[in-house]
Amino acid sequence: MLKFVAGRFLVSLAVAFTISFVTFFFLNIFTDPAQAVAGEEALFEEIEQIRTQYGFDRPILTRYFEWLGGIFTGDFGVSYYWNKPVGTLLLERAPQTIKLALMSVSVTIMVAIPLGIFAALNPNSIIDRFALSVAVSAQAIPNFWLGLILIIIFSVTFPIFPVSGDKTYYHFILPSVVLGTSSVPPVMRLMRTGLLDVINSDYIRTARSIGFSGWRLVTKHALRNAVLPIISVIAVQLGHKFGGSLITESVFAINGLGRLALLSILGADIPTVQILIFVFAITFIVFNLLSDILNAYLDPRLRL
Amino acid sequence: MILKYIFRHTNPDFLNRDLEKLTPKDIMFRKAIYHSGFKFGLLLLSTITFIGVFVPFFVDMSPYDQDISKRLLPPVWSEGGSWKYIFGTDGNGRDYLARIIYGTRVSLTIGIGAATVGMLIGVTLGVIAGYFGGIVDQVVSYILTCQLALPGILFLLTIISIVGSSLTVVILVIGVLHWTLFLVVTRAATQRIRNLDYITAADAIGARKTNIIFTDILPNVLNQIIVIFTLEVGVAILAEATISFLGLGIQPPTPSWGVLIAEGKEAIFFQPWLIILPGIALFLLVISINMLGDGLRDITDPNTSIE
Amino acid sequence: MKVLRDIFIMSIVFVLSPFIAVADKSDDTLVIAFTREITNLDYNYGTKTEYIILGDMIDDSLFYVEPENLSYAPSLASDFNIVNETTIDVNLKQGVKFHDGSEMTAEDVVYTFNFINKNDKNRRHSKVSGWLDSIERTGKYSVRFNLKTPYANFFNDCYRIKIRKKGIMGTEGNWIDDAQATSNTGLGPYKVISFEPGVEVVLERNEEYFNGPKGKPAIKNLIIRSIPDMGTQQAELMSGGIHWMYNVKKDIGEAMAKTGKADYQLGPSLRVGFLVLDAGGYSGEGNPITKLEVRRAMNHAINRNSIATNLIGGPAKAIHTACNPVVFGCFQDVMKYEYNPEKAKELLAQAGYPNGFDLELYSYRDKEAALAMVDDLAKVGINVSLKHGKLAVLNKARKARQIRAYFGTWGSSASPDTATISNIHWRNPKKGDRNLSGDPKVNELMLGGEQTLDKEERKRLYAEGLKLIAEQAYWVPLWSYSEGVLSSKDINFVQDPDGYPRIWKTTWK
Amino acid sequence: METTLLEIKNLNISFNISKNIVNTVDNFSLTLKEKETIGIVGESGSGKTISMLGLTRLLPKQAFVDKGSILFKGRDISNISNKEFYQTISGKKISMIFQEPMTALNPVYTIGRQLMATYLFHNDVSRNSAYNRAIDFLDKVQLTNVKERMAQYPHQLSGGQRQRVMIAMALINSPELLIADEPTTALDVTVQKEIVGLIQKLIENLGMAMIFISHDLGLVSKTCENIIVMEKGLILESGKAENVLTRPKENYTKNLLKCLWSLDVDHKKIHKDRTLLLDVKNISKSYQLTGSILKPKKIINAVRNVSFEIFKGETLAIVGESGSGKSTVAKIINGLTKMDSGDVLLEGKKIDSYSPLERALRIQPVFQDPYSTLNPNHTIGFIVRRPLLLNTSLSSYEIETKVEKTLNLVGLSENFINRFPSQLSGGQRQRVAIARAIILEPKILICDEPTSSLDVTIQSQILDLLNELKERLKITIVLISHNISVVKFLSDRVLVMNNGEILESGNTLSIINKPNNNYTKKLMSAIFTVKKKV
């Protein structure tokens, strides 16, 4: 087990570095960091001055390792756009995104899992067809559009929820619904097919031959098998939510990492963008790793 | 010719023939006939495609002609609407119906283009990794892991904001970032097929590797690739709409639905049709493509029965 | 499983959590929304309009612009004396206190100007070093400015520079750029209570505010929220989440006013729009734009009146000069190009483009207007592909000398002098990238206008410069803008003639 | 006096396929006395399993009981509610054992938990006594270290051990009837015999009745007193085991028996030709299992230092259980897998020095699974034609003639040329695979379990075909098999493999009759054969 975790950890680390490397090179070759620092009003000679002063004229490899070294010592660089250390920015913004991610995943769980279970227990029934149409629709609705429509309905026509902001948990309900919706289809489909597979499996036939039936059969014999893969999918979805919060946070003016990312891209704020890509990648990798470990822990077949 | 084929296949006598006597294509056709989701998706998609691609050839309309004295006219069903502008006009006095109809072409072009790019990358890597295995597979897996860990939309926006936006750039970038599903599916299918006896048999009769890949492996993965392709078209269309919505996508005055929604966003409360109509168009197109894809998956899956 | 349970409990908690109280009249709190985010409280580090508005609320400067007659008035200064063309003495008001309670003296003024002039490597106000040679303390409440050259826009620049308490911005090479957010040392009518970058700024009335020309605010608490989406802002306004928003287009404003939920004012603005043309051939020698006939044809091709009336609305109207007609020095009797597509086509034919040509037009603002212009230009045969995007894209292309034409606007917020627009747009091409005329004469005339204090001489220089620009059609001057403001029914907000919002004058109804 | 335990009368089971009702089991009737054992024999699709699933209400969703009555201990249980049935009958009075021990146990629960749940479901007792009962039954099925077994998960046990757990689960509630559905088919030959013996012993000790379902007439005749023979949903005949075996009434039964007999017939001559065709010298091959990321690397020595010779015209059988390395040897001598060390000399030349095309002309394989041996996307014509397209420059007319000729040779008509594999039965597919292998007229045919996935009647046809081809084409056959009957029928010489090594080799008859090695003895004794009564 330890060896497995260590191995996966090393691979994850390598992936993280590859991503940081690619991002850094891409951003620093195709954009001019000196221009970004200097700002839009800067004169030509000022840009050149900044280039030497900040060391942007040195080889890109040197700068990459310097940047990487900075990350290890906790120095994430300074944002040109926000005039702040990127690390501080991240710390300020992360709580909102974490809240949003957790809440949207709970929305997904609350909708997708019961729906998937009922659909699997009654294949080709009305519930099943309903669940399937929910999945198909949720896949086809663009996030940004859903956000706008929900605001029209639930904040303006019927003022139940606040339009925007991130002050209280209450503010997070609509955004969580929007962000959670996009994960409903995969989780629901997996729950449905997983449970169907389990129900049609030989060991459920064994349980039925013993006399188990109905709800008792599902809860005592089928659910655990079907839920195992779901847990890892949810962990992966949670990892996705961090990067995927970009649009939702913009529509609902939630001051999280996603909005920070969008603003930094639009403001050509390279230090922030490259750290954010790195951080989102790491988050995804960590959740993936956690899901693997969790799976290995929960599934006796994978235990060593 | 096609009609004859359809007639032959919908003929009750034919349908009731013993399953053992049907070719794989016949079985798929029969499944398709009984698959309501597939039929609905196909019908909807054909209708949308017909309207978007062919109607502009016959009906005189322009998505670009402006008349700024006739801006923001409401659609025909609202107060003050007229049949001249069925869906009303936008902020520059352009016919909104024409813009939405022309938007179909943009979405389809980008969807199909990006999915093709993704397919070329994903299938090539997938077949190579699946067939050769070993170190090649490990390298490809590593690339896959990296790609999966990359925050997609963020990276997409970053690239487009740096490279600048045009139709080609959008297609290429979305395509380059959406190949993982192709890879995963092709690789798994190739790995499975590679170990089947008929591949060993092909080996034994002296067939070359390329011959095996093109004669034995690809045709067997094709169904799955088509399914993924369909679904990825939907994903790419949504991705384009998203980046256009954020102002980084297709350049104006090209009528992309994402751009239309973004342009109408400010008027969400007073000219809501500006958002709702392209949103519905987008929804219908993607849902039809997804239903088609889901349907294809069921139809081509040998494990499902004919319903 | 425990994790799932926790998530579940959390979801229950948030469903049951009560509504947040909406800030309103009862607790004397005004909430306003900005589209762009406030990332720093120090105006000295920003150029956006939002920073000017915020800066005016929490800071103060030596001079101030009176909105009624668009003239400069002393603010922190009590009076001034122009000793000679390059020497200006300024006396300061006494007993003015920073928000932390300490008194402002000449030390602080000297520190501020010196720091911005010399020490701040991260300077955004490079202009100051262009004219300021040194500043010296001449008494506890008096300073002397020694200028490098005569500088007409001195008062405007002094209005822009917010006076900082000595030491808070750091020392040479070690500047502290969020000093304003952490040290609470403003001078303005409001003081900062809390600041979340990109989210909101909470302000409270400065009860100790010196009797400056801005006057004491009527409303005690003020919250500035950053809401990037205009639609969201409207929703917030309708649901009572905010009281005030600006930059509202006429369609939305008028529709909102019809609902009876808010008041809409569409007043004048100092902002003007224009196309900058690459007459100097920086983007490639001999390109079509370098031909005078082509530039004139473009001037004739665009129906400015129609766009100004139909798209911008309000007091917006077509302009013919490279400045807003209401500001000082904006000479109007120049060559005028009426809307005449036929003539435009003729001119194009003369220039050797009877079938028109392809052109990339960059823009970052007013997409509708840009599209309308594209349409107008297409009608005379100029096939324009619009590159509409973020300002950063335009900046990058401009810096790389790839731009043939771009659609620019200039706000000149609260700076009623032709010098502000010409300083940035007609610089020496070696120093800036916006002057694409390639004509040293324009640079000489338009920047010469700020290097003398003699008003008549300045007017003469600007008149000559503007005539030259019009005649050579270096620009296509488009229209003056109008400024739209939506305000809630609870508040009185009066728009000033320059369109610049002075929030602190707002009162409850 | 013996009382009737179970009486099934005119049971009809139908399937609902594509809105068509298909009758699958027709008028199934059966009478079972207490402590009696009945075997139901038939090939796949004969309805033997479905009729029993109908009895225990475990039918798949699209199947349903049309009509018929089921009397259990005199009471009609076909009309009682599901609830009552599940609570009072299934698991308590009637238990089942299934074919596939690998999947019949829930992988996420321990053995102990599953056993205890089974007991607790029908008995209101403390967990402690359920625990003791479970231990007791694990003892009864002759598992060792039962206390540790209780805490183990199914994947930690071998197939045979799992089947023992299944038996314990089926018996823990002391049912009166045990239904065993092919309980040994998925197990290795040597384990099969132990499990069958165990079941027999237990039902005798516990005084239960048993219905034993199998496709193996030999096995059933050894296990059961009475036999029912089914085909296509119909009961063909039933009666005492010896009666059915000695005096079969139906042709079908006779065919089944003939297959067993024919396998038993001894018509081997000693092969005389000593021309060396293939010389295998000290080959070894190991695989590295990278497996999943979760499992550490594992090295499996599939073949260890194996040497043998193949002479022209002979049929050599390589015998062993799954995992013995026999298939790997087959692939290596076919040149389809690289060996780690050693040499394979084909006509005196190293096998890997041949180009793929040269090799193809000399040596060809036939595989086990008729469903994966043909590419489902190609027509039969293309599949058979492809070797010619790749290897020869014949005109298209010549190719077509040869394809037709070859198809005829393997017993298929030209009509098959445009069909797809999915339109063919398993036996037909195997014929196509043989056609593909022989169309290039190779010298050696390597048949890897060519019949083990087929029904018994089809098996004998394919074996006959191979025998016929051998005579007509003078082809050398290497037969890989775990089935001694098949080996005995076809081969001249036998190699016995286990754990990647050759244990012994020699003349087929002498190996079968006088095995030297213990393992070979075990292998031979595990076979149930029916002696033809003359």
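**Terms and the values behind them**

Modeller: The secondary structure of chain C amounts to 16 helices and 20 strands; helices (H or I, at least four residues) and strands (E, at least two) are DSSP runs, numbered from the N terminus. This is a predicted model, in which local features need pLDDT of at least 70 and side-chain atom pairs count only at pLDDT 80 or more, while totals for chains, interfaces and linings use all residues. Residues are numbered from 1 along each chain as its sequence is written, chains are lettered from A and ligands numbered from 1 in the order in which they are written, and side-chain values use heavy atoms, with hydrogens and water left out.

Biologist: What makes helix H10 of chain B largely enclosed by the rest of the structure?

Modeller: Helix H10(B), residues 197–204, is described as largely enclosed because 7 of its 8 residues are buried. Those residues are Asp197(B), Tyr198(B), Ile199(B), Thr200(B), Ala201(B), Ala202(B) and Ala204(B). Just after the helix, Gly206(B) takes a positive phi of about 90 degrees.

Biologist: Which residues of helix H15 of chain C are buried, and what covers them?

Modeller: In H15(C), residues 440–448, the buried ones are Val442(C), Asn443(C), Leu445(C), Met446(C), Leu447(C) and Gly448(C), and their cover includes helices H14 (418–425) and H16 (455–472) of chain C. At the start of H15(C), a side-chain oxygen of Asp439(C) comes to within 2.9 Å of the backbone nitrogen of Lys441(C).

Biologist: What makes the pair Lys367(C) and Glu263(B) a salt bridge?

Modeller: The closest N and O atoms of Lys367(C) and Glu263(B) are 2.9 Å apart, and the rule asks for a side-chain nitrogen of Lys or Arg within 4 Å of a carboxyl oxygen of Asp or Glu, so the pair qualifies. The interface of chain B and chain C has 1 salt bridge under this rule.

Biologist: How many residues does each side of that contact take, and what area is buried?

Modeller: Chain B gives 21 residues and chain C gives 26. About 2100 Å² is buried between the two chains, 56% of it from carbon and sulfur atoms; buried area is the accessible area (1.4 Å probe) that two parts lose on being put together, summed over both. On the chain B side, Ile68(B), Glu266(B) and Phe270(B) supply 30% of the area buried against chain C, more than any other three residues.

Biologist: How do you know that chain C and chain D are not joined?

Modeller: No contact joins chain C and chain D, and their closest C-alpha atoms lie 16 Å apart. Among the 5 pairs of chains that touch, chains A and C have the most contacts.

Biologist: Into which domains is chain C divided?

Modeller: Domain 1 covers 2–42 + 180–265 + 486–508, domain 2 covers 63–175 and domain 3 covers 269–482; these bounds come from an automatic or database domain assignment. The centres of domain 1 and domain 3 of chain C are 36 Å apart over C-alpha atoms, and their contact takes 8 residues from domain 1 and 10 residues from domain 3. Between these two domains about 600 Å² is buried, with 49% from carbon and sulfur atoms. Lys249(C), Lys250(C) and Asp498(C) supply 64% of what domain 1 buries there, more than any other three residues. Across this interface the rule finds 0 salt bridges.

Definitions and conventions
Contact means heavy atoms within 4.5 Å. Buried means under 20% relative accessible area, exposed over 50%, partly exposed in between (1.4 Å probe, protein chains only). A polar contact is a pair of N or O atoms within 3.5 Å; within protein, one must be able to donate a hydrogen and the other to accept it, and residues adjacent in sequence count only if both atoms are side-chain atoms.
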